[in-house]
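Below is a short note on charged pairs and on one helix. Please read the points with the model open.

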Amino acid sequence: MQNFTFHNAVRVHFGKNEVTKLADEIPADAHLLITYGGGSVKKTGLLDRVKAAVKTPHVTEFGGIEANPHYETLIKAIEICKKEKIDFILAVGGGSVIDASKLIAAGAKYAGDPWEIMTSHGSVVKDALPIGTVLTIAATGSEMNNGAVITKAETNDKLFFRSPKVLPRFSILDPEVTFTLPPHQTANGVIDAFVHTLEQYATYPADAKIQDRLAEGLLNTLKEEGPKVLVNPQDYTARANIMWGATLALNGLLEAGVPTDWATHMIGHELTALYGMDHGQTLAVVMIALWKHQFEEKKAKLAQYGRRVWDVTAENDDEAAKEAIAATEKFFNQMGIKTHLKDYDLGEEIIPEVQEKLKAHGMIALGEHEKITPKEAGEILQLAL
């Protein structure tokens with residue numbers, strides 16, 4: 001294992017009707033901003049439950065946050081925070097709403113152009129408003145980490161930032177809230193959590209047996225429970241296991257002491273920003289192609305993954321790794337997520353534009369070995385056609 005430091009102090013309230021814990025978590029005199037997305041929290045009655053649970057009379061709402069939150073939208077919320085003297089933010093939604101709330105929280109305390117928070121990847125953040133979350137989609141793990149991904153729609157730039165200042169104070173995870181999700185959102189969420197785990201696992205052996213077994217446990221759970229909720233959306237046990245799995249997949253625990261990749265995510269971000277693909281779709285497309293391109297570097301861990309997660313019996317690592325890739329692609333398809341660019345009406349004409357964006361964003365040495373340059377990214381996308 002490698003040296004590491006692990007910090008995470010998010011209070012998690014997990015289970016049915018835990019929204020009532022808001023009364024204990026948010027001060028009764030807080031000037032609260034409730035953030036949410038397209039309005040499903042209103043249709044399901046969750047927003048009303050949230051407002052009934054909080055004790056403060058000082059509540060401002062900010063809705064309309066996009067599935068890939070736009071900086072242009074969030075600037076308006078930052079202005080509201082300053083004008084209304086907001087001192088607490090409650091994100092009611094999935095990863096996009098939570099990510100958006102992190103930038104709002106940091107931007108409200110930042111004197112300069114808030115986009116500098118993104119271009120500096122969070123290094124300029126010195127303070128932020130406190131955040132709590134009520135999770136509605138099991139996917140990104142943003143409810144228990146300090147990262148966020150934001151898109152500047154005007155320029156098609158999708159960037160990430162991290163800061164300990166925006167780590168949520170608490171998160172409420174009620175699996176029942178996810179019962180009403182459309183199938184494609186459920187599927188995207190499972191794929192997101194699955195790939196988060198793989199980005200921290202499918203690299204090279206690091207003698208990190210505990211981290212490997214933790215990752216394998218999450219992968220096995222997600223592959224078993226994911227298809228169940230597509231058949232029965234109200235399977236509480238499956239929903240609960242998926243929700244907790246997605247949270248643990250990106251709360252910092254898995255990456256402690258091991259090499260990580262994240263090239264799939266960085267290339268995928270450009271596909272979303274430029275062509276509007278769902279985040280989960282980009283991950284399914286890029287990861288399979290990336291594994292084929294980086295086969296020799298990843299072969300040992302892919303073979304281990306195949307044997308421990310997909311019950312591959314091949315003794316030869318080459319065959320075991322190939323079977324693991326095939327099993328993963330089959331699983332993505334089983335969840336309803338296609339794995340080729342052509343499935344999204346995209347062809348090789350997109351490759352130069354993606355490469356240019358990677359260069360512009362400084363993504364020129366990706367992967368666990370930092371050897372995936374824009375040239376290699378182009379080759380990966382060629383394999384993804």
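1. Burial is used throughout: buried means under 20% relative accessible area, exposed over 50%, and partly exposed in between (1.4 Å probe, protein chains only). The model is predicted, so local features need pLDDT of at least 70 and side-chain atom pairs count only at pLDDT 80 or more, while totals for chains, interfaces and linings use all residues. Residues are numbered from 1 along each chain as its sequence is written, and side-chain values use heavy atoms, with hydrogens and water left out.

2. A salt bridge is taken as a side-chain nitrogen of Lys or Arg within 4 Å of a carboxyl oxygen of Asp or Glu. That rule gives 15 salt bridges. Helices (H or I, at least four residues) and strands (E, at least two) are DSSP runs, numbered from the N terminus.

3. One of the salt bridges joins the side chains of Asp157 and Lys357, at 3.0 Å from N to O. Because Asp157 belongs to strand E7 (residues 157-162) and Lys357 to helix H14 (residues 351-360), the pair ties together parts that are 200 residues apart in sequence. Asp157 is buried, at a relative accessible area of 15%, and Lys357 also counts as buried, at 16%.

4. Asp212 and Lys301 form another salt bridge through their side chains, with an N to O distance of 3.2 Å. Asp212 sits in helix H8 (residues 209-231) and Lys301 in helix H12 (residues 295-309), so this pair links parts 89 residues apart in sequence. Both residues, Asp212 and Lys301, are buried.

5. Within helix H8, Glu216 and Arg213 are three residues apart, about one turn of the helix. They form a salt bridge whose closest N and O atoms are 3.3 Å apart. Which of the two is buried, and which exposed? Glu216 is buried, with a relative accessible area of 4%, whereas Arg213 is exposed, at 52%. Salt bridges with shared partners join Arg213, Glu216 and Arg308 into one network.

6. Helix H3 (residues 46-53) has the buried residues Leu46, Leu47, Val50 and Ala53. These residues lie on the same side of H3, because they cover an arc of only 130° around the axis (the arc is that of the directions from the helix axis to the C-beta atoms). Exposed Asp48 and Ala52 are on the face of H3 turned away from its buried side.

7. The buried residues of H3 pack (contact: heavy atoms within 4.5 Å) against several elements, including helix H1 (22-25), helix H2 (40-43) and strand E5 (131-135). Strands E2 (31-35), E3 (58-62) and E4 (88-93) are also among these partners.
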